[in-house]
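User: I'm new to this one and would like to know what the labels rest on. Can we go through them together?

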Amino acid sequence: MGKPLASAVGACSICGKPLNAKGDCLACLLRTGLEEIVADAKAAILAFGDFEVERRADGSYWELGHGAIGVTYLAADKVLRRRVALKVIEVPPAARGSQAVRDRFLREARAAAALRHPNVAAVFQFGTLPDATHCYYAMELIEGETLAARVRRDGPLNAKDALKIAIQIARALVAAAAHGLIHRDLKPSNIMLTSDLEVKVIDFGLAKAITDAGGDMDLTHGEFVGTPTFASPEQFGGGLVDARSDIYALGGTLWFAVTGLAPHPGKTLEEIRDRKAHDGLPVAQLIARKVPEPLVKLLRSTLAIDPGKRPASARELMEALGTCRRNLTRRVGVGSEEAALRSEAFSRALTDAKACAGDPESLQALFDSAAKKAAAISKKPFKQNWAYLQTMLRLIRAYHRGEYDQISDDALVWIIAALNYLVDPFDLIPDNTPFLGLVDDAHVVELVTDKTRRTLDAFMTWETAAR
Amino acid sequence: MFPSTHWSVVLAAGRSQPEPEMAGAALAELCRVYWAPLYGFVRSRGHTMHDAQDLTQSFFAHVLEHKVYARVDRRKGKFRSFLLASLKNFLGDTADKERTLKRGGAQIFLPLHEEQVQEAESLFQTHSGMRNEDRLFDRSWAEALVAAALERLSADYKRDAKEQLFRELRIFIAGGAEPPPTYAELTDRLGITESTLRSHVTRLRARYREALRTEVRRTVDNEKQVDRELRELLHVLTEM
């Protein structure tokens with residue numbers, strides 16, 4: 001019998017494709033078979049203005065990424081002696097001799113370079129080669145990975161993390177709006193993430209500059225610049241493109257973050273355009289990923305075909321995202337009616353539990369009821385917190401055995417309140433609750449008491465604020 | 001001079017009766033290398049491990065016995081396409097399949113190691129989630145192709161007593177989860193200068209490239225098809 005190998009051992013650090021079971025990148029291995037051999041690896045220094053493209057150990061130019069409009073290299077700034085991300089774009093032949101096009105590019109590039117914001121990768125310098133064949137700009141080098149690579153490697157993000165990212169992107173859009181800039185090519189691979197989910201949007205404003213440099217381009221002539229998958233419907237039809245296009249693209253990016261899929265994929269521009277225009281949003285993807293309703297609602301509005309039905313500005317979107325996130329932080333998926341019921345139940349729980357904490361008979365009745373309710377809760381959705389529930393039940397049994405010294409009155413109050421009166425005690429427990437079943441009882445009691453108190457405190461705070 | 005295990009040799013021999021042994025030997029060697037993708041394809045049709053082994057072996061016997069390769073249209077004659085189409089026909093032919101199974105998987109004419117069978121099963125398990133059986137086959141084919149090239153390269157380095165060098169520099173052709181080490185790390189580890197290291201890496205890439213293209217060359221009919229075959233397999237990988 002063959003031993004099944006691990007189906008995935010991560011993504012290739014060079015090209016981002018999944019590795020095979022041996023940890024090798026098949027794509028890299030095949031691609032090497034197609035590459036031209038460079039006879040002298042030291043030959044041909046690739047330089048753009050003050051920037052010299054760095055090489056990997058094998059002599060190849062150090063590509064950080066490549067997209068529809070150009071290649072991004074790791075490069076050295078020979079003057080300021082720092083490393084940068086250098087984006088190099090080939091200017092379409094038709095646009096090379098035009099002074100008007102050049103002026104437009106420089107105007108847009110200057111505006112992009114003037115934008116300074118913590119969530120935007122700074123543009124240090126830009127220029128064009130003397131023969132006008134290429135333009136380039138040097139950006140702040142971000143240590144991290146793109147949102148696309150992150151999702152490809154680890155799978156979709158949870159709603160909370162996805163919102164944290166989306167809010168930062170929205171902040172960047174707000175700052176850009178103040179400079180009269182729109183991105184026009186917002187997508188997961190233009191979102192850089194640092195290790196603690198700090199966002200840096202790259203290529204800000206430059207997409208438009210490059211598009212303009214190519215003259216009047218539209219989708220129907222096959223010269224669509226950027227990534228159609230995340231582009232707004234109006235970008236396909238030559239309609240007015242304004243900040244609401246970026247809002248649409250942010251919606252698509254957020255959708256991708258929580259599902260790992262684009263809302264309207266397709267193999268050709270026409271297919272994508274038609275799907276955007278005629279197919280409804282595949283909301284089933286969100287439901288399958290258990291995306292909370294408020295977020296589903298927000299995604300629907302940001303991805304509306306009619307720009308007039310989307311949030312009117314980046315600021316409005318940022319506020320909507322913030323509200324959505326606060327709701328999720330309080331309790332994912334709780335509607336206002338349910339929240340009110342919970343709030344009432346919780347107040348009753350505390351009052352009752354405190355009242356009977358010193359009365360063994362009343363306490364026992366509460367424990368029995370709590371145990372019954374806890375046993376009825378389905379295990380499946382709460383795999384990680386199941387241990388927590390088991391610990392609570394263990395404490396109840398300890399109480400029945402008369403092992404009072406293990407449990408403080410305070411702990412009893414909190415445990416009873418959590419188990420007996422809240423519809424689902426797991427809702428209050430953070431996702432990363434450690435497995436408590438393996439530590440010694442004293443430690444368990446300490447942890448349970450502390451965690452329960454803190455989580456119920458948080459619930460109380462929210463409940464008070466909600467009123 | 002053509003290598004004896006070249007697919008074009010099989011094609012040529014299929015049409016010239018005087019060289020049947022040559023064709024048989026060449027085909028058997030090619031089939032040994034690409035046994036796993038075929039086995040995986042049979043498994044994807046729902047056959048048990050044991051039956052899949054028997055059927056794969058029987059399929060090769062059938063190809064040789066009936067000289068199926070002699071009927072290949074040379075203009076369309078890629079080994080990969082030929083094997084997949086022939087296997088589909090073979091599996092579709094119930095009577096033939098039952099007959100070969102009844103005789104106990106017939107002749108085990110391909111000398112298979114247990115390890116090879118296990119690897120083929122592991123490969124199948126790894127990709128068994130793929131819905132499209134043709135894509136599963138192509139993916140497994142690509143795996144077998146690069147494995148053969150890497151095996152050949154590794155043997156060359158071993159022969160030159162440069163196994164450690166190969167192990168250290170392998171990441172520059174095969175990628176990996178971790179970024180390639182820096183020059184400084186490698187020069188320290190290997191005790192060589194940076195310029196020597198650079199030339200080692202360049203040479204390794206060139207040698208691997210040639211090993212891979214040689215391997216592909218064995219399965220296509222002419223040089224032009226080498227690039228096309230590599231691009232096609234790369235396309236299969238990138239669209240997943």
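Analyst: Two strands count as paired if DSSP finds at least two bridges between them. Keep in mind that this is a predicted model. In chain A, A:Leu193 has A:Val199 in E10(A) as its bridge partner.

User: How do you know that strand E9 of chain A pairs with E10(A)?

Analyst: Count the bridges. Three of them join E9 (residues 191-193) of chain A to E10(A). Pairing takes at least two, so E9 and E10 of chain A qualify as an antiparallel pair.

User: What makes E8 and E10 of chain A edge strands?

Analyst: The sheet is open, with three antiparallel strands in the order E8-E9-E10 (chain A). Strands E8 (145-146) and E10 (199-201) of chain A each have a single partner strand, so one side of each has no neighbour in the sheet. Helix H4 (residues 159-178) of chain A packs on the sheet and touches E9 and E10 of chain A. The direction of H4 makes about 40 degrees with that of E10(A).

User: What makes up the pattern of chain B?

Analyst: Helices: chain B has 13 of them and zero strands. Read along the sequence, the pattern is α-α-α-α-α-α-α-α-α-α-α-α-α.

User: Which share of chain B counts as buried, and what does that word require?

Analyst: It's 52% of the 240 residues of chain B. Buried means under 20% relative accessible area, so that 52% of chain B falls under the cut-off. Chain B still exposes about 11400 Å², with carbon and sulfur atoms supplying 50% of it.

Conventions. Residues are numbered from 1 along each chain as its sequence is written. Chains are lettered from A and ligands numbered from 1 in the order in which they are written. This is a predicted model: local features need pLDDT of at least 70, side-chain atom pairs count only at pLDDT 80 or more; totals for chains, interfaces and linings use all residues. Side-chain values use heavy atoms; hydrogens and water are left out. Helices (H or I, at least four residues) and strands (E, at least two) are DSSP runs, numbered from the N terminus. Contact means heavy atoms within 4.5 Å. Axes are lines fitted to C-alpha atoms, for helices over the stretch in contact, and angles run from 0 to 180 degrees between N-to-C directions. Buried means under 20% relative accessible area, exposed over 50%, partly exposed in between (1.4 Å probe, protein chains only). Accessible areas come from the Shrake-Rupley method with a 1.4 Å probe; for residues, only the protein chains shown count as cover.
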